[in-house]
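Biologist: I'm new to reading models like this one. Could you take a close look at a single part with me and tell me what surrounds it?

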Amino acid sequence: FAIRALNTVGKGEFTEMFGPVRTLSDQPTNVAELEILNVTHTTASFVFRLPWNAGSRITTVKFEIARVDGPLADHQRHPETKEPHPHLNSREWCVEVADC
């Protein structure tokens with residue numbers, strides 16, 4: 001960009017071009033942790049706050065869910081390794097954010 005002065009006498013000359021100027025990322029930062037409201041044997045309820053949007057509307061929120069503990073039925077384990085099946089270990093859950 002370039003700058004020039006303006007006063008009651010008139011306009012000055014433009015400065016030499018300055019740049020490039022780098023702006024902050026559009027990617028949201030500083031996501032707050034989830035607040036867990038209720039947990040049962042089969043469900044969990046939680047709330048979260050969307051981060052500051054850095055000037056671009058947030059359209060989708062992606063949750064990465066990881067299994068950390070709890071009993072499994074035999075059909076939920078790999079037959080050889082006895083580890084939980086991969087789809088039980090971690091999942092991604094995308095939620096479209098409604099216009100508020």
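**A close look at His85**

Modeller: Gladly! Setting aside neighbours within four places in sequence, His85 is in contact (heavy atoms within 4.5 Å) with His75, Gln76, Arg77, His78 and Pro79. This is a predicted model, where local features need pLDDT of at least 70 and side-chain atom pairs need 80 or more, while totals for chains, interfaces and linings use all residues. Residues are numbered from 1 along each chain as its sequence is written, and side-chain values use heavy atoms, leaving out hydrogens and water.

His85 itself sits in the loop between strand 5 and helix 1 (DSSP runs numbered from the N terminus: helices are H or I with at least four residues, strands E with at least two).

Both of those elements lead us to the largest pocket. Its lining has 39 residues, with Ala44, Phe46, Glu64, Ile65 and Ala66 nearest its centre. Strand 3 (35-39), strand 4 (44-47), strand 5 (60-66), helix 1 (86-89) and strand 6 (90-96) each give two or more residues to this lining. Strand 5 provides the largest share, 7 residues.

Now follow Phe46 into strand 4, where it stands opposite Ile36. Strands 3 and 4 form a hairpin with 4 residues between them, and they pair in the antiparallel sense over 4 bridges (pairing takes at least two DSSP bridges).

Definitions and conventions
1 Å grid on protein atoms, 1.4 Å probe; cavity = no way out; pocket = protein on both sides within 12 Å on 5 of 7 lines; lining within 4 Å.
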